[in-house]
Amino acid sequence: MKNEFKAVQKYLLESPRKVRLVVAVIKKMKPAEAVEKLPFVQKRAGIVLAKVIKSAIASAKNAGVSETDLFFKEIQIGEGPRLKRGRAASRGMWHPFKKRMSHIRVILTTVKKEEVKVKNEKAKSEVKEEVKKTKKEVSKVEKKVEKKEIKK
C-alpha cells in the first residue's frame, strides 16, 4: 500500500513559467533535501515552494512516516486566474499586461519495503530468463560454426 501526502498553494501571484523553472531544479531530489536547497535558489518562487513541501512533509510526519522514506510523486504547477492591468502610455493610450497567478500542488509518496523486494525479485527473474535465452542463442551459433568447420 502506498501512502500519499498532498499540499496545495493556490493563487500565488507569480507566473507559472517562473515557478516551473525552480521545480525543474528540485524534481529529482528527495523532499528533505529540496527544502534545504530551495532558500539558496535565486528565485522568489523557491521560498513559497519550500513552504508547500514543508507542509506536505508535516502531514506525512503526522501519519507517522519518516522524512527519509518520502519522495516526490508529483509536483504540478497550474495556471490560476489572471489580473488584467495596464500602464498609461503616450497620447492618452493604455498598454495592457497580465499579472499571472499559479496553483502549486505537491504530492509525496512512500513505498513499503515489501513492494521493493517484489520488484527486485521480478527483475531478477527477468534477468535469469534473458540469460537462458542468450545461452540458447550462443549454443545455436556454436553449432553453426562447428558445421562450417566440418565442411571445410
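This is a predicted model: local features need pLDDT of at least 70, side-chain atom pairs count only at pLDDT 80 or more; totals for chains, interfaces and linings use all residues.
Close-up 1. In helix 1, the residues Pro16, Val19, Val22, Val23 and Ile26 are buried. When the helix is seen down its axis, these buried residues fall within an arc of 120°, so they line one face of helix 1. Arg17, Leu21 and Ala24, by contrast, are exposed on the other side of this helix. An α-helix has 3.6 residues a turn, so residues three or four places apart point the same way. The buried residues of helix 1 pack against strand 1, helix 2, helix 3, strand 2 and strand 3.

Close-up 2. Three strands make up an open sheet in the order 1-3-2, and their pairing is antiparallel. Strand 1, residues 3–12, and strand 2, residues 71–88, stand at the edges with a single partner strand each, so one side of each is left without a neighbour in the sheet. On average, and with direction ignored, neighbouring strands of this sheet are turned by 15° against each other.

Close-up 3. Helix 1, residues 16–26, lies across strand 1, strand 2 and strand 3, and runs at about 155° to strand 2. Helix 3, residues 45–62, also packs on the sheet, where it touches strand 1, strand 2 and strand 3, and its direction makes about 150° with that of strand 1.

**Close-up 4. The largest nonpolar core and the surroundings of Leu49.** In soluble globular proteins, nonpolar side chains tend to be buried together. The largest nonpolar core of this model has 27 residues, of which Ile26, Leu49, Ile53, Phe72, Ile104 and Val106 touch the most other members. Two or more residues of this core come from each of strand 1, helix 1, helix 2 (31–37), helix 3, strand 2 and strand 3, and helix 3 gives the most, with eight residues. Once its neighbours within four places in sequence are left aside, Leu49 is in contact with Val22, Val23, Ile26, Leu38 and Ile104.

**Close-up 5. Gly46 in helix 3.** Gly46 is part of helix 3, and at 0% relative accessibility this glycine counts as buried. With neighbours within four places in sequence set aside, the contacts of Gly46 are with Val22 and Leu38; of these, Val22 is one of the buried residues of helix 1. Gly46 and Pro96 are 50 residues apart along the chain, and their C-alpha atoms are separated by 28 Å.

Close-up 6. Thr109 has its place in strand 3 and is buried, with a relative accessible area of 4%.

Note on methods:
Residues are numbered from 1 along each chain as its sequence is written. Side-chain values use heavy atoms; hydrogens and water are left out. Two strands pair if DSSP finds at least two bridges between them. Helices (H or I, at least four residues) and strands (E, at least two) are DSSP runs, numbered from the N terminus. Axes are lines fitted to C-alpha atoms, for helices over the stretch in contact, and angles run from 0 to 180 degrees between N-to-C directions. Contact means heavy atoms within 4.5 Å. A nonpolar core is a set of buried Ala, Val, Leu, Ile, Met, Phe, Trp, Tyr and Cys residues joined through side-chain atoms within 4.5 Å. Buried means under 20% relative accessible area, exposed over 50%, partly exposed in between (1.4 Å probe, protein chains only). The arc is that of the directions from the helix axis to the C-beta atoms.
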